Amino acid sequence: MVNSEAERFIAALSMLKLGSSGDDTERSAKFWNPALVAMKFSVETLWLNAVWECKSKPNYEMRDLDPILEQQASNKFELTGPLIDSYLRELGKSIFSKLGRSRNTGLMPPVKLFLPYNIFRHLCNIAVGYGGSLKNTKTQMLVTVDRFEMASKMFSPVRFGGNNFLKKRHFTKVKENGRTLLRYSGRAAIVVGKSTPLIFDYNVKQEKLTLTFYVQRYDREDFSLDLRLQAVINQGD
């Protein structure tokens, strides 16, 4: 029974069509749609049929739970690709919100987000795969990213339809010859290095992620506004 179902799964997977030929350069809002459709109407259908016909099942009807509803809901598949991108997008938006017009530099107020463990472990795989380090205990998982190249891969604009959440340019309105023009006045960006790491601090019990990061601001000539922070960055490099 198991072998026959496995063969059906393999055959179904080999027939899946997950999208274009691979010429895309950014993940648009519809990037994952073909894979989601294939998962819902092909792979998941086979899997739920196999679960329905399985003779050895857990006790779905504990106490007064509906066994059919619980069986169908609990055995649903989720495609992790869009979930990973969506959570990274939320983290990226929170980072970007700290890059507005302000004089605040250095360590920013932490970003906190509820994040299910089965999603965070995939984020860990991405962070460590791009060079980050992972330390974990029974109650905590600590991911440290200490190079900007790593952070730029995790929060690549490719994932978000071209949006860059790690830096922001600022402009001021200037009146000239009766017209209102926008003139570049500087930028803000997160800085990632040995002394200013990007840290993902995950509480396993509460399933809560705390993200800490550093921000530097620059004038129109690209000179650092926080010289102390720049000295720390240079020392770390």
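What is the volume of the second largest pocket? The second largest pocket comes to about 150 Å³, where a pocket, on a 1 Å grid over the protein atoms alone, is an open set of points with protein on both sides within 12 Å along at least five of seven lines, and a cavity is a set of points where a 1.4 Å probe fits but cannot get out. Grid points are joined across faces, edges and corners, and a volume is the space filled by probe spheres set on the points.

Before I go on, please keep in mind that this is a predicted model, in which local features need pLDDT of at least 70 and side-chain atom pairs count only at pLDDT 80 or more, while totals for chains, interfaces and linings use all residues. Residues are numbered from 1 along each chain as its sequence is written, and side-chain values use heavy atoms, with hydrogens and water left out.

By class the lining divides into 6 nonpolar, 3 polar and 4 charged residues, where Ala, Val, Leu, Ile, Met, Phe, Trp, Tyr, Cys and Pro count as nonpolar, Asp, Glu, Lys and Arg as charged, and the others, Gly among them, as polar. Helices α2 (33-53) and α4 (80-96) each supply at least two of the lining residues, and α4 gives the most, with 4; helices (H or I, at least four residues) and strands (E, at least two) are DSSP runs, numbered from the N terminus.

Let me stay with α2. This helix has 21 residues and reaches 29 Å from its first C-alpha to its last, close to the 30 Å expected at 1.5 Å a residue, the expected span being 1.5 Å times one less than the number of residues. Even so, α2 has a kink of about 40 degrees centred on Glu44, the bend at a residue being the angle between axes fitted to the seven residues ending there and the seven starting there. Glu44 is also among the buried residues of α2, together with Ala35 and Met39, buried meaning under 20% relative accessible area, exposed over 50%, and partly exposed in between (1.4 Å probe, protein chains only).

Now the cavity. A search of the whole structure finds 1 cavity of 30 Å³ or more, and the lining of the largest cavity has 7 nonpolar, no polar and no charged residues. Phe120, Leu123, Cys124, Ala127, Val143, Met154 and Phe200 form that lining, with the largest share, 4 residues, coming from helix α5 (residues 117-129).

Turning to the strands, 4 of them form an open antiparallel sheet in the order β1-β9-β6-β5, two strands being paired if DSSP finds at least two bridges between them. The edge strands, β1 (106-107) and β5 (167-176), each pair on one side only. Between β6 (residues 179-191) and β9 there are 6 bridges, and Ala188 stands opposite Arg217 in β9.

Elsewhere, 5 bridges join β7 to β8, and these two strands form a hairpin with 4 residues between them. Most residues other than glycine have a negative phi. Glu207, in the turn, has a positive phi of about 55 degrees, and Asp222, in the loop between β9 (214-219) and α7 (227-236), has one of about 70 degrees. Glu207 is partly exposed at 26% relative accessible area, and Asp222 is partly exposed at 40%.

Definitions and conventions. On a 1 Å grid over the protein atoms alone, a cavity is a set of points where a 1.4 Å probe fits but cannot get out, and a pocket is an open set with protein on both sides within 12 Å along at least five of seven lines; lining residues have an atom within 4 Å of a point.
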